[in-house]
Amino acid sequence: MTDKYMIEPDVNFIKDIEALGGDTLKKCFQCATCSVVCPISPDNKPFPRKEMIAASWGLKDRVLKNADIWLCHNCGDCSTKCPRGAKPGDVLGALRSLAIAEYAVPKSLGKAVNDPKKLPLLILAPVIIFIVLGLATGLLDFTPSGDEVVHSKFFSTWLVDIIFVPLAGWVAVIFALGIKNFVSDIHENAVLTGKTDKKDFDQKDYVLALIKVIPTILKHSKFSECGENKERSSGHLMVLYSFVGLFVVTNIFFVTLYGLQIHGPYSQMNPVKWLANISGVALVAGGYLLMKSRMDKKDQTSSYKDWYLIWLVLGLGLSGMLTEITRLAGWAVGSYAIYFIHLVFVFNLFAFLPFSKLAHLVYRTLAMAYAEYSGRK
Amino acid sequence: MDKKYGVYICTGCGIGEALNVEKLSAVPKEEGVGIVKTHPFLCGKEGLELLKQDIAGEGVNSLVIGACSRRVNFDIFRFDGCIVDRVNLREQVVWTHPSTKKAGEEGGIDHIQMMAEDYLKMGVIKIKKITMPEPYKLDAFCRKILVIGGGIAGISAAVDAAKAGYEVTIVEKESSLGGYAAKVRKQLPVENPFESIIPPVISARIKELESFPGITVKTNTVVARIAGQPGDFTVSLKKPGENIEFDVPFPLPPEMKLDSNGKEHDKDKQIELYKEFNKGKLDILALDPNGEKFGAVILTAGWRPYNPEGNEFAHLGFGELPDVVTNTQFEEIAAKGRITRPSDGKDAKSVVFIQSPGKGSDNDFSYAGSVTSLVSLKQAKYVREDYPDGKAYVFYQHMRTPGLMENFYKSIQQDPGIFLTKGEVVSVSKNGDGMIVEADNTLLGEKIKVKADMVVLATGMVPATADDPIINLAYRQGPGFRDIDLFNKYTDSNFICFPYETQRTGVYAAGCIRRSMTMEETIEDATGAALKAIQCIESSNRGVAVHPRSGDMSFPDFFFQRCTQCKRCTEECPFGALDDDEKGTPKPNPTRCRRCGTCMGACPERIIGFADYNIDSIGSMVKTIKVPSENDFDNPPLRILALVCENDAYPALDIAGMNRLNYSHIVRFIPVRCLGSVNVIWIKDALSQGMDGVFLLGCRHGDDYQCHFVKGSELASIRMKKIGEALQSLALENERVAQFEIAIDEYDKLPKMIGDFVEIIEGLGPNPFKGF
């Protein structure tokens, strides 16, 4: 490389990282202990040292367009072993959340998701949408009839779908835009920094690589290489599988409803219902484990973005389970109210998926696929 | 003093088992010593009682103690009013030489017994030849301390000396005290937690100084000459730039000593030229009647900023771009107010600090040090103080933040607008109304560029002694310190072994005259130098050596009737202790002397000696060594003499002993004060009495010398090179005489070093003079 890289540090970017849990960033004195102790860092251009330097110089482009911040699973080995008390694990966490905000439009929404002061707004938004849309269409009935507790009588399935189906589409579009930029950026960055010699991007090979990393993700094999933070693996795995399970359940029931015209509630003997219940329990249990491991790990910084997601997962699971339990118990008012809350959680999960920490689901997968594609070892 | 001799042999620590003590005890008796006693535990209560009884009851006042090394139990075996010699039977004999003869075995040679007998005899002859030293006392003695330089170092030294009760005079060439410390905006921290820059401490220090009535301050004053010796310096002061007759004369430069044919002028011509060269100045021996008296001098003349030569830093834009400045220029700007560009007065919001001039080398700027690293961090902070959106970059090859200054580095690092990286700056170029700095091999991994409003070069601090002798000593060897070229013109003052000491006894250096350093280090340095000056006064007034032979009461005595005025002693003394008159007769200045004996080693007439260390005492020891010949044995063992420096080599031998290393038994060691004190007559004596080889064991010499007396081992090596002629006259091979260098921690190399020499001598065969 003969071209000189013009360095223009972005001091505000440094302050952003510090605000998002990377406040130890500037303690780094570039000894590279982090890169050496990291169990999952590749040998060629290992992370997180180079990210620490670039981040402490405020080189936003350099770090946010870098796939390596996603290869990090936040094991925390680097943070524990750092001789200067810098916590590269936390810094990379902050960088990821800034990257998520960078790739999702509108950016103001990304900022809001990372800002605790905006939390009431995020909660209020679905409440208003539900009520306004529900009352306007008449699909929200505050006085549902009948003895049996049937949620669709209170909050029509139509109402759910006219809100959530477009929402899913919107999320898909935002992600699609983000993914397009993201993949092209991480490729450009990899070429620029010599992480790969595949100068031209081959889409087909990349998709093959994507397929190849799926088992790795499902087995959480990278996670289990972690030293410091191993126990987080099982909680994370439970949450992942429960999301997969619930995704499957939702799709089956969607087909059941619109294809077969069979309305819920469905029998508890139904195997799909079993999957739903198991997934629900796993979601709560996994969320609890994640929360506990964060609380036990005093030396690791847990910032708002982390708690937002954990509470979302726990809230989602608990409200879902409680909705079902109260329904079975026949407590109509309670069940309807909890169902409403549950839908607020679902809305938060869906609408803010590309903006919250949960977007790592997409970006980490893509980055791991890119690592696989580019032969990074 | 009427001597009464006593020899005491300790049989403890394995001595009794390895040696035939009865036979050994007979040796001193043959030499006429009446009292010879043995004890199994001489350093114990009973053993000491035995010695004390003999001293008190029998009147023994000259003792030979055959036991352990003189370097251990030295306080136990010291008796007031007695001459004591320690014969090292333990470390040098029994611990380093396994018995060559099995117990009860008949025939064969008991080398170890021979060795012990030799050493004991040498001890006896030594105490016969030496006398008790009596200290040299000056007639007039002054306890005042002169401090040259009124910066933070001088002020701190003066305050410390005043606190200890000494009168101090500070001379400062500027019109006010404070020096550079008074010119900075802020300074580096001087106390815990060493985290942030602080307002200059100098004003508080000056205030403290004013509270001591014993401190006199003379501003607009410099030293014209310092004549005399510690305890009795006569100092002539003057205004800067003034010419007075007591300005110190300079010695004739070597090139002026030669005529047009390259031949040295004769003595009278040289004197004439010297007078011509120093016209208007009185000779060094002329004493200023109005001069002020001082006992010791602290040199704290400080530093000046480095002046880049020509286009030395043109690649960094210095001299070409007005916004490229040195760190001192930047400090001046910062001290005046907000940092703005010299070119157009606009805000300097992006400043690049460069620590190394680059050009393929990773050296820092000359005369730089940890202080220049730290100052860059400090000045980076100025940028951030002046501009909330300011950025400061530090490109370094070395970021040196020793000790607790690491805390300062850490705190600076935390600033989001300060960027630090190792890297080589390759160019600074104009870019619109700003500049672009390009650097290679940075921590950011590649060739990078940054935009800069100003660029600051971390140039170094040149010691004042680079331009001027400053101390202006009226010494024959010259007014300044010799050989400071070896130390980049810093005052040579060995950091590890002898900090603050200079090559001139009574002159102690502190602060940036020694090396570039921070104010915190300077303040500490000043305390060290003040204590050294006090040590000098409190030793000189008792007539004892100051350092490194602290407390030594002996001093060189000259038998002037036989002096040939060859000037060798005057020229070779590492400390300039001798001045000579027009005829060349040396004039000793005993309190300048460090008692190394280099003059004694130099003197071809052998007229210089100490009461307890002289040509005769060592020469007699050499002659006492029994050289076995064919008259004694069919196959007589060889004998080698080793003259061993007491400072590093002798302790190394002891450590070898403690580690039970073995080396050849044919060598006899004699400790000497310094290899510089070795007179070649001893070597000639050894060889002419049939010894087969001689080696000198001492400190490393050259640019990174380790000699405790600076020049001793170097001078010895020159003399050893010249000894060849003398050997030829004896028809002996040059290889029979050698000099080896050893450091105290290299004791493990000794057996091989000695063994290799023995092998060479064995190869040469026995000395033909044996048996004559």
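## Exercises on a predicted two-chain model

In strand S22 of chain B, Ala509(B) is the residue that Leu299(B) stands opposite; the model in which this pair is found is a predicted one.

**Exercise 1.** Starting from that pair, work out in which sheet of chain B strand S22 lies, and which strands stand at the edges.

*Solution.* Begin with the strand pair itself: strand S11 (residues 296-299) of chain B is joined to S22(B) by three bridges, and the two run parallel. Next, follow the pairing onward, which gives an open sheet of five strands in chain B, in the order S7-S6-S5-S11-S22, with parallel pairing. Strand S7 (215-218) and strand S22 (507-509) of chain B each have a single partner strand and stand at the edges, so one side of each has no neighbour in the sheet. From one strand to the next, the twist averages 20 degrees.

**Exercise 2.** Determine which strands pair with strand S20 of chain B, and whether the residues on its two faces are buried or exposed.

*Solution.* Take the partners in turn. Strand S13 (residues 324-326) of chain B pairs with S20(B) in the parallel sense over three bridges, and here Val324(B) has Val455(B) as its bridge partner. Strand S14 (residues 350-354) of chain B also runs parallel to S20(B), joined to it by four bridges, with Met454(B) as the bridge partner of Val351(B).

**Exercise 3.** Describe the side of chain A that touches chain B, and find the strand of chain B with which S1(A) pairs.

*Solution.* The contact takes 16 residues from chain A and 16 residues from chain B. On the chain A side, the elements that give two or more residues are strand S1 (5-7), helix H1 (11-22) and helix H3 (49-56), and by class this side has ten nonpolar, one polar and five charged residues. S1(A) pairs in the parallel sense, over three bridges, with strand S19 (residues 448-452) of chain B, where Ile448(B) is the bridge partner of Tyr5(A).

Terms used
Residues numbered from 1 in each chain as written. Chains lettered and ligands numbered in written order. Predicted model: local features only at pLDDT ≥ 70, side-chain atom pairs only at ≥ 80, totals over all residues. Contact = placed C-beta atoms within 7 Å. Nonpolar A, V, L, I, M, F, W, Y, C, P; charged D, E, K, R; others polar. Pairing = 2+ DSSP bridges. Axes fitted to C-alpha atoms, helices over the stretch in contact; angles between N-to-C directions.
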